[in-house]
Amino acid sequence: MTSPRSSPLTIQDVAREAGVSVATVSRAFNLPDKVIPATRDLVFGVAERLAYGRLDTAPYLHQAVETVLRLPQRPDAIVITGDLTDFGRSAEYAHLRELLAPLGAVPLYLLPGNHDDRTQLRASFPEHAYLGEEGFVQYRVPVGGLQLIALDTVVPGASEGGLCQARLAWLEQQLEAYHGQPVVIAMHTRPFARSSATWTPSACSKAPRPWRPSWYGTPMWNGSFAATCTAPSR
């Protein structure tokens with residue numbers, strides 16, 4: 001994790017850098033449907049760039065863990081979909097382990113993002129056998145009454161994600177195996193543009209023939225994404 005800068009990021013900073021009004025920035029974050037997609041993407045992009053290295057994210061994760069622990073009902077599982085660290089270093093993963101330790105026996109599933117290192121992730125969490133020993137970090141595990149499919153979209157050295165034919169073939173096999181059952185697909189990179197709710201082949205290659213998602217969740221601010229779909233009827 002990077003050390004935060006001393007000065008906080010303000011809405012005025014984002015507005016000035018993006019060349020828009022403070023009101024526009026406020027609407028982009030609070031009423032995104034009221035802002036045209038191009039302007040919304042501009043504001044989000046500027047905010048991400050300015051915030052990088054400025055905010056200490058560890059306290060937010062600590063707060064998130066505390067919130068989970070206060071829930072009246074223990075969750076079936078927690079899924080963290082990538083960018084677990086900044087540079088994929090051993091010390092960063094050790095810090096992450098410390099922050100997640102209070103979760104105790106709550107099942108925890110991890111996925112790499114473009115800031116992670118697959119090899120170091122596996123070495124730092126050796127008890128997480130679902131991560132596998134090499135190659136893509138992809139797995140399928142039952143969670144409650146559904147199947148969780150974790151899909152690796154990392155392209156080493158690139159900030160954008162992708163799905164090669166090998167990964168898509170694996171996904172197709174998993175969906176075929178659980179045809180007609182509720183499935184959650186977790187991935188780091190959205191399969192569509194930030195301003196669109198439509199599958200975008202350029203974002204993550206082309207979807208395999210038998211799979212046409214029936215519903216997509218909302219992209220998260222940090223780039224994480226989860227989708228719920230059902231394998232198509234024959």
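Which residues have the most contacts inside the largest nonpolar core? Here are a few notes to read alongside the structure, which is a predicted model.

1. **The core.** The residues with the most contacts inside the largest nonpolar core are Y109, L110, Y139 and L148, and the core has 26 residues. Two or more residues come from each of these elements: β1 (78–81), α5 (90–100), β2 (108–111), β3 (139–143), β4 (146–150) and β5 (182–187). Strand β2 gives the largest share, with four residues.

2. **L148 and its surroundings.** If you click on L148, look past its neighbours within four places in sequence. Beyond those, L148 is in contact with V79, Y109, Y139, R140, V141, V143, V184 and A186. Two of these partners, Y109 and Y139, are also among the residues with the most contacts inside the core, and they come back in the next points.

3. **Y109 with Y130.** The structure holds five aromatic pairs. One of them is the edge-to-face pair of Y109 and Y130, with 5.1 Å centre to centre and 65 degrees between the planes. This pair links distant parts of the chain, since Y109 sits in strand β2 and Y130 in the loop between α6 (118–124) and β3, 21 residues apart.

4. **Y109 with Y139.** Y109 also pairs with Y139, and here the arrangement is tilted: 6.2 Å centre to centre, with 35 degrees between the planes. Y109 belongs to strand β2 and Y139 to strand β3, so this pair ties together parts that are 30 residues apart in sequence. Both Y109 and Y139 are buried. Taken together, Y109, Y130 and Y139 form one aromatic cluster.

5. **The α1 and α2 helices.** Now for another part of the chain. How do helix α1 and helix α2 pack? Helix α1 (residues 11–18) packs on helix α2 (residues 22–30) at an angle of about 110 degrees, and their axes are 8 Å apart. Angles of 65 to 115 degrees count as roughly perpendicular, and α1 and α2 are therefore roughly perpendicular to each other.

6. **What meets what between α1 and α2.** On the α1 side the residues are I11, Q12, V14 and A15, and they meet V22, V25 and S26 in α2. By type, the residues of this contact divide into five nonpolar, two polar and no charged.

Note on methods. Residues are numbered from 1 along each chain as its sequence is written. This is a predicted model: local features need pLDDT of at least 70, side-chain atom pairs count only at pLDDT 80 or more; totals for chains, interfaces and linings use all residues. Side-chain values use heavy atoms; hydrogens and water are left out. A nonpolar core is a set of buried Ala, Val, Leu, Ile, Met, Phe, Trp, Tyr and Cys residues joined through side-chain atoms within 4.5 Å. Buried means under 20% relative accessible area, exposed over 50%, partly exposed in between (1.4 Å probe, protein chains only). Contact means heavy atoms within 4.5 Å. Axes are lines fitted to C-alpha atoms, for helices over the stretch in contact, and angles run from 0 to 180 degrees between N-to-C directions. Angles under 35 degrees count as roughly parallel, over 145 as roughly antiparallel, 65 to 115 as roughly perpendicular and the rest as oblique. Ala, Val, Leu, Ile, Met, Phe, Trp, Tyr, Cys and Pro count as nonpolar, Asp, Glu, Lys and Arg as charged, and the others, Gly among them, as polar. Rings of Phe, Tyr and Trp (its six-membered ring) pair if their centres lie within 6.5 Å; planes under 30 degrees apart count as stacked, over 60 as edge-to-face and the rest as tilted.
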